[in-house]
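Student: I have a model open and want to go through it piece by piece. Can we start with the parts I point at?

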Amino acid sequence: MRIVNAIVIENESGTAQILNKFGEDNSLILNIIETVEDITHSLELIKLHKPELIFLHASSENLKNLKQITDLDFNTPKFIFMSDEPQKAYDAFKCNAVDFLLKPLDFNTIIISIYKVIKTIEMEISFQNQKLQQIDSINSKHRNNEYIAVASIDKIELLKIEDIIFCKAEGKYTEFILTNGIKILSSRNLGEYSSILSDNFFFRIHHSYIINIKHVVKISKKEGFYCEFSNGMTLPIAKRRQEEFIKFIKL
């Protein structure tokens with residue numbers, strides 16, 4: 001059984017206490033990272049911890065601000081909506097929430113909702129594994145060509161390799177930064193792309209970055225080594241990789 005990492009967005013202390021008590025009593029399936037009062041105060045926490053689940057008080061204000069979470073640059077967490085108004089279940093349905101809990105909460109309904117979340121996550125993982133097999137097949141066929149297949153949560157994208165400026169580790173995911181300014185989030189970790197992109201133009205300058213040296217416009221040696229790219233961004237070169245990088249670019 002997996003442990004689901006969650007953040008609670010709730011301004012009613014009684015409901016927050018029930019969820020935190022449930023988390024303490026059921027730590028083998030639920031880890032509540034923190035409780036905050038509204039979406040606005042949750043964004044930095046969500047960016048930092050990337051929870052798999054959010055318990056959301058379905059207030060008008062939170063529903064209005066929900067897009068702030070769904071627009072973040074990583075896979076959207078699952079939602080369990082909560083309210084003492086039964087009609088809010090319709091909002092939960094519209095927003096693709098995994099479940100809706102009617103207040104006051106009780107442990108039995110909470111645990112049923114958690115198992116629904118776990119089942120949904122496991123189904124997505126199974127689907128992703130199938131896609132990854134497809135991706136490996138596509139990439140093996142195109143290994144010496146100019147494209148790379150990238151799997152996100154809901155689709156497969158074929159990216160032109162020359163359009164990749166760099167790849168950035170985002171926890172267990174990888175973010176591709178492209179020349180047109182678009183960012184593509186992959187469901188694979190950065191390490192898996194080290195071998196896929198192991199041609200003459202890609203180098204892992206840091207545990208968090210693989211860069212395309214074709215897009216490096218300047219290398220700064222002030223207070224450490226930094227690469228400046230065609231899009232104006234600058235990234236550090238890890239000390240342990242500097243000597244190898246110099247040899248790689250034949251300086």
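Student: Which helix is Gly 191 found in?

Tutor: Gly 191 is in helix α7. Helices here are DSSP runs of H or I with at least four residues, strands are runs of E with at least two, and both are numbered from the N terminus. The model is predicted, so local features need pLDDT of at least 70, side-chain atom pairs count only at pLDDT 80 or more, and totals for chains, interfaces and linings use all residues. Residues are numbered from 1 along each chain as its sequence is written, and side-chain values use heavy atoms, with hydrogens and water left out.

Student: Is Gly 191 buried, exposed or partly exposed?

Tutor: Partly exposed, at a relative accessible area of 37%. Buried means under 20%, exposed over 50%, and partly exposed in between, with a 1.4 Å probe and protein chains only.

Student: How far is Gly 191 from Thr 174?

Tutor: Their C-alpha atoms are separated by 9.1 Å, and the two residues are 17 apart along the chain.

Student: And where is Asn 189?

Tutor: Asn 189 sits in the loop between β10 (183-186) and α7 (190-196). With a relative accessible area of 32%, Asn 189 is partly exposed.

Student: What is Asn 189 in contact with?

Tutor: Apart from neighbours within four places in sequence, Asn 189 has contacts to Lys 172, Tyr 173 and Thr 174. Contact means heavy atoms within 4.5 Å. A polar atom of the Asn 189 side chain also lies 3.1 Å from the backbone nitrogen of Glu 192.

Student: Changing topic. Which residues touch the most other members of the largest nonpolar core?

Tutor: Leu 19, Leu 30, Leu 53, Phe 55 and Ile 114, out of 19 residues in that core. A nonpolar core is a set of buried Ala, Val, Leu, Ile, Met, Phe, Trp, Tyr and Cys residues joined through side-chain atoms within 4.5 Å.

Student: Which elements supply at least two residues each?

Tutor: β1 (4-9), α1 (13-25), β2 (30-36), β3 (53-57), β4 (78-83) and α6 (107-141). The most comes from α6, with 5 residues. There is also a second, separate core of 18 residues, including Leu 43 and Ala 92.

Student: What does Leu 19 contact?

Tutor: Leaving aside neighbours within four places in sequence, Leu 19 is in contact with Val 8, Ile 32, Phe 55, Met 82, Leu 105 and Ile 110.

Student: Which residues of α1 are buried?

Tutor: Thr 15, Ala 16, Leu 19, Phe 22 and Gly 23. Down the helix axis they fall within an arc of 125°, so they line one face of α1; the arc is taken over directions from the axis to the C-beta atoms. The face turned away from them carries the exposed residues Ser 13, Gln 17 and Glu 24.

Student: Next, β11. How many of its residues are buried?

Tutor: 4 of the 5 residues in β11 (residues 202-206) are buried, so this strand is largely enclosed by the rest of the structure.

Student: Which strand do its bridges join it to?

Tutor: β12 (residues 209-212), antiparallel, through 4 bridges; two strands pair if DSSP finds at least two bridges between them. A hairpin of 2 residues joins β11 to β12, and Phe 203 stands opposite Ile 211.

Student: What are the totals for helices and strands?

Tutor: The protein chain has 8 helices and 15 strands. Of its 251 residues, 44% count as buried.

Notes
Polar contact = N/O pair within 3.5 Å; in protein donor to acceptor, adjacent residues only side chain to side chain.
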